[in-house]
Amino acid sequence: MPMKIIPWDLGAIPSRFFLFGEAAWYTVQITALGVLLGLVIGLIVALGRLSNNKTISTFSRAYIFLIRGTPLLVQLFIVYYGLTSIVTIAPIPSAVIALGVHNGAYIAEIFRGSIQSIHYGQMEAARSLGMTRSKAMRRIILPQAFKRAVPSLGNQLIIALKDSSLASTIAVPELMLRGRQMGSSTFMYMEMFIIVGIWYLLMTSVLSYAIHRIETRLKVSDRD
Amino acid sequence: MTEQKKIKPIMKKEPIDPDAPFLRIEKLNKWYGELHVLKNISLSVQKGEVVVIIGASGSGKSTLLRCVNFLEKAKDGKIYIEGKRIRNQEKQLNRVRQDLGMVFQHFNLFPHMTVIQNVMEGLVQVKGLPKDEARERALALLDQVGLNDKAEVYPSMLSGGQKQRVAIARALAMDPKIMLFDEPTSALDPELVGEVLTVMTDLAKLGMTMLVVTHEMWFAKEVADRVVFMDDGVILEEAAPEKMFSAPEHERTLEFLKQVLPPQAD
């Protein structure tokens with residue numbers, strides 16, 4: 001019997017590739033919704049941390065401490081399994097909530113950093129015109145801070161996309177779960193997970209490119 | 001009578017002295033931790049007067065200016081505008097600050113907005129002017145500082161002198177009753193100082209009340225009605241520029257002036 005140099009049937013990859021299309025679409029959706037939720041939570045928590053109100057800033061600090069200090073998988077299981085005695089949440093919403101809550105903590109720190117990086121003179125100039133603190137934040141500080149946050153947010157988005165593979169553990173029919181199912185039904189695990197890997201690589205490449213484009217476009221006004 | 005309801009309730013009236021100076025600072029004290037940076041400072045500025053504060057760095061002159069519009073909070077002391085006591089209350093401050101135009105050493109223009117948007121921002125967001133009206137006023141002000149051709153560019157495209165002139169226009173847009181200048185030319189290349197001082201001189205000629213912290217002795221000499229010399233957190237002396245620059249009363253003032261004034265060529 002002739003020895004196969006490569007023990008896998010890599011030729012099977014192209015023909016199976018698009019069987020993962022629908023699963024990839026699930027990955028995109030839970031990532032997008034999760035990060036969107038994360039942005040909302042992140043902004044609120046970042047502003048909370050910077051608030052002069054002790055209760056609010058302590059609460060925000062605690063949120064970041066708890067969420068950043070525990071694995072996403074634990075958070076996912078708490079939402080999906082842990083909460084069942086109170087409320088049953090379907091797999092997809094569970095994944096979105098867990099991703100949102102998890103990324104919210106990281107995004108809060110990204111926003112906090114970029115808000116604090118804006119020179120205090122900007123706030124002073126706004127206040128000297130008679131703006132309230134919140135208006136100055138909205139009109140002057142946040143637009144500049146968002147711009148500075150873009151590279152880190154892009155990074156976080158890519159991390160979130162890959163982290164969404166954990167949703168396979170709670171039966172969300174996304175890429176990773178699809179790979180496992182296809183693997184076990186064909187025994188071509190290597191081939192199937194290579195396909196899964198290529199899909200992730202494609203999506204992260206598109207994201208990297210898009211983030212790069214956005215960064216370039218935002219550079220228009222500040223060249224100093 | 002629904003008409004009457006529309007009129008805003010007037011804040012509790014304090015007796016206002018009609019002869020009161022426009023700005024009165026009374027016994028102001030400010031600490032940075034252990035450091036006593038303003039020691040019992042009292043100073044008045046009359047309407048239409050140009051008062052220039054000079055002194056070595058660290059003498060507290062910028063801090064004093066920043067205490068006037070509460071960018072720094074003094075520990076104690078009182079500040080009166082047109083005889084009315086200004087307290088550290090957000091609501092009152094947001095209103096009062098519109099009357100106190102502030103120009104900063106480092107311009108602090110909003111980099112994400114074009115020049116005209118910078119000037120319009122306060123008009124639209126604080127005064128609530130419609131955009132076209134604000135635009136018209138902003139263009140007139142840019143014209144006044146000689147920059148109407150730069151209306152649509154971003155601040156990053158401007159020289160330091162141009163940035164500072166935009167900052168002056170932005171402050172003027174609020175129609176302030178006094179302009180506070182915090183070392184407006186200290187961050188500029190020497191050849192750009194003149195254009196900013198020219199704008200300030202023109203402003204003084206128009207009768208603007210001004211309180212200026214500067215190292216430009218030329219400006220103090222030529223434009224000020226009164227010069228205040230600060231040293232180590234106190235006002236050591238104040239006098240008309242002629243007197244201050246020819247016959248100061250204190251040894252310390254003389255010493256400082258010797259250092260900053262070029263030696264007399266004769």
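The structure is a predicted model. Chain B contains 10 helices and 10 strands. Its radius of gyration is 19 Å, close to the 18 Å that the globule rule gives for 266 residues, so chain B is as compact as a globular protein of that length.

**Chain B as a whole**

- The C-alpha trace of chain B spans about 65 × 45 × 35 Å along its principal axes.
- In chain B, 52% of the 266 residues count as buried.
- The accessible surface of chain B is about 13100 Å², and carbon and sulfur atoms make up 50% of that surface.
- Among contacts in chain B with a separation of 6 or more, 66% are between residues 24 or more positions apart.

**Strand β9 of chain B**

- Strand β9 of chain B covers residues 226-231 and is mostly covered, with 6 of its 6 residues buried.
- Arg226(B), Val228(B) and Met230(B) point one way from β9(B), while Val227(B), Phe229(B) and Asp231(B) point the other way.
- The residues on both of these sides of β9(B) are buried, and they include the charged residues Arg226(B) and Asp231(B).

**Partners of β9 in chain B**

- Strand β3 of chain B, residues 50-54, runs parallel to β9(B), and 4 bridges join the two.
- Within this pairing, Ile53(B) has Val228(B) in β9(B) as its bridge partner.
- Strand β10 of chain B, residues 234-239, runs antiparallel to β9(B), and 5 bridges join the two.
- Val227(B) stands opposite Ala239(B) of β10(B).
- Strands β9(B) and β10(B) form a hairpin with 2 residues between them. In this hairpin, Asp232(B) takes a positive phi near 50°.

- Thr27(A) lies in helix α2 of chain A, which covers residues 21-50.
- Is Thr27(A) buried or exposed? Thr27(A) has a relative accessible area of 0%, which is under 20%, so this residue is buried.
- Neighbours within four places in sequence aside, Thr27(A) is in contact with Leu161(A), Ser164(A), Glu174(A), Leu175(A), Tyr200(A) and Met203(A).
- Val96(A) lies in helix α5 of chain A, which covers residues 91-117.
- Val96(A) has a relative accessible area of 13%, and because this is under 20%, Val96(A) also counts as buried.
- With neighbours within four places in sequence set aside, the contacts of Val96(A) are Ile30(A), Leu33(A), Gly34(A) and Leu37(A).
- Val96(A) and Leu36(A) are 60 residues apart along the chain, and their C-alpha atoms are separated by 9.3 Å.

**A loop residue in chain B**

- Where is Lys127(B) found? Lys127(B) is in the loop between α4 (115-125) and α5 (131-144) of chain B.
- The relative accessible area of Lys127(B) is 34%, which lies between 20% and 50%, so Lys127(B) is partly exposed.
- Not counting residues up to four places away in sequence, Lys127(B) touches Gln98(B), Gly122(B) and Met174(B).
- Lys127(B) and Leu192(B) are 65 residues apart along the chain, with 32 Å between their C-alpha atoms.

Methods: Residues numbered from 1 in each chain as written. Chains lettered and ligands numbered in written order. Predicted model: local features only at pLDDT ≥ 70, side-chain atom pairs only at ≥ 80, totals over all residues. Heavy atoms only, no water. Rg over C-alpha atoms; globule rule 2.2 N^0.38 Å. Buried < 20%, exposed > 50% of the residue type's maximum accessible area, 1.4 Å probe, protein only. Contact = heavy atoms within 4.5 Å. Areas by Shrake-Rupley, 256 points an atom, 1.4 Å probe, with all protein chains shown as cover. Pairing = 2+ DSSP bridges.
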